[in-house]
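Colleague: Could you take me through how some of the helices pack here? I'd like to go one pair at a time.

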Amino acid sequence: MAFSITHQIGALAGTPVTSEMSNGASGEATAAVNAAVLRKSPASTLRCRVQRTDGVDALSPPLSPCRSPVLGGIRPDLSVACQAFATEVAAPTEVKEYKEGGERGKGKGVPVYVMMPLDSVTMGNTVNRRKAMNASLQALKSAGVEGIMMDVWWGLVERESPGSYNWGGYTELLEMAKKHGLKVQAVMSFHQCGGNVGDSVTIPLPKWVVEEIDKDPDLAYTDQWGRRNYEYISLGCDNLPVLKGRTPVQCYADFMRAFKENFKHLLGDTIVEIQVGMGPAGELRYPSYPEQNGTWKFPGIGAFQCFDKYMLSSLKAAAEAFGKPEWGVTGPTDAGSYNNWPEDTPFFRKDGGGWNSTYGEFFLSWYSQMLLAHGERILTAATSTFENTGVKISVKIAGIHWHYGHRSHAPELTAGYYNTRFRDGYLPIAQMLARHGAIFNFTCIEMRDHEQPQDALCAPEKLVRQVALATHKAQVPLAGENALPRYDESAHGQILQASSFIGEGDSEETEMCAFTYLRMNPHLFEAENWRRFVAFVKKMKEGKNPDKCWEQLEREAEHFVHVTQPLVQEAAVALMH
């Protein structure tokens, strides 16, 4: 053929594709990552074993899969309500202006933002725990935090009827941030809250959207067993007028325009970044590993989400155009279930697996390109809406680190990231973001390889290095988040280490443009955790090559904590009564 399968599927999905790495370049991606992105700390050595090695010869698409026993357990939810200060705290320290993404050099430092509680705005559209919120923002500002990140929930603002927006609680919360001199990363949260790691509250999609999904269940992502997922509307109907005469993308665009009009006086000054939600948990991915109702447990491989009629219609058209109409009848049915491991399945097993066949390349190219095309559509709406407002646009990508050491990278594939031992799945995403001048926001920055279960071939550090290389190559600013709440110095040290890296051909380190800390809650304000956090913020602002020595920064943090500790204790006692 004149063009590779990747190019053909990209054309069918309406998204330009750059095929930087091919299946033939065996091991090339891994070698490039290890050679080109060098950390100053020694790389961790994986001591891994594959739990299951029995394979099946059949390739996809065969019969339905069998299930294996559930492995692992659900990670604990540490997202809880916001703790507060009830009295004044020390005077705010001076903080740096929001960095322009992509700056290079040594010692510039990385600004730290703190993620607000998921329920910062109530179902009644008011600020939750107003007094506590106000005092906590004072504390964050005094500790040198650059700003806060808040979810602006579609399910709250446009809950009752289409085109009717209630910004009540957000108006007050944003004014509070402005009053305290904190900058804001506003997340356009077009997904349901509830059912994912760390979700402590439930905020469904708008009522009228849920009503439409109830009428037409194929508007929801669907797996091969017919399970419907209400977290986010299926991207298969992005351009179809299925929501009371509007397409989903039109609904997202109208919401963003309404936000801009309502808060235009804060854009570029208080509101410095708009993170555009593109899937479950606000991430650009398919809902392949839902925790709700125990469907998925870490470290299962997840399941493909392409069995609603809209996705299957697109798959059918792609298969016919490719000259293999039989491949368009259904998605892979030999890819196991949510809690299988790669070697349990014919599709994902390392030797002779369907993922590495011609059919596998066709399907995975289509599946991943549908996700990229979805990102293109929403980014086009976002960039046109917020053009010339002074805000940055960002997109969050999930840090799927389990089974990363396996050849097929099964959990990444089911989520829509076509990343394998032989292919770089993050470079196309970075290139898509580059076309729109957007920031690549990545999670799991706090994790170390050796902390994760090695029989599941987890490798978060290696994954972060691969993503750093992809953003460096695409010239896209990289921002980070911790995937799970962490308060220990080990995690803080890992974040500091990962906040800058040396890219291919560079003599100086490239720093992240920002880091967002998950999340503001009672644990953060516990005396020892608060001491560590204050020191962490100071170190991040100084960068890896600080003007001050670490000991001086530690002393400053200790002094700050000493001054504010009685106030913290007083507030804690007050909140208990």
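This is a predicted model: local features need pLDDT of at least 70, side-chain atom pairs count only at pLDDT 80 or more; totals for chains, interfaces and linings use all residues.

Colleague: At what angle do H9 and H11 cross?

Modeller: The axes of H9 (residues 358-385) and H11 (residues 427-435) cross at roughly 15° and come within 10 Å, where angles under 35 degrees count as roughly parallel.

Colleague: Which residues of H9 and H11 meet?

Modeller: Leu372, Gly375, Glu376 and Leu379 in H9 meet Pro428, Ile429, Met432, Leu433 and Arg435 in H11, contact meaning heavy atoms within 4.5 Å. The residues of this contact divide into 6 nonpolar, 1 polar and 2 charged, with Gly counted as polar.

Colleague: Switching to H3 and H5, how far apart are their axes?

Modeller: The axes of H3 (residues 130-142) and H5 (residues 168-179) are 9 Å apart, and the two helices pack at an angle of about 30°, which makes H3 roughly parallel to H5.

Colleague: And what makes up the contact there?

Modeller: H3 contributes Arg130, Met133, Asn134 and Leu137, and H5 contributes Glu172, Leu173, Met176, Ala177 and Lys179. For H3 with H5, the contact residues divide into 5 nonpolar, 1 polar and 3 charged.

Note on methods:
Residues are numbered from 1 along each chain as its sequence is written. Side-chain values use heavy atoms; hydrogens and water are left out. Axes are lines fitted to C-alpha atoms, for helices over the stretch in contact, and angles run from 0 to 180 degrees between N-to-C directions. Helices (H or I, at least four residues) and strands (E, at least two) are DSSP runs, numbered from the N terminus. Angles under 35 degrees count as roughly parallel, over 145 as roughly antiparallel, 65 to 115 as roughly perpendicular and the rest as oblique.
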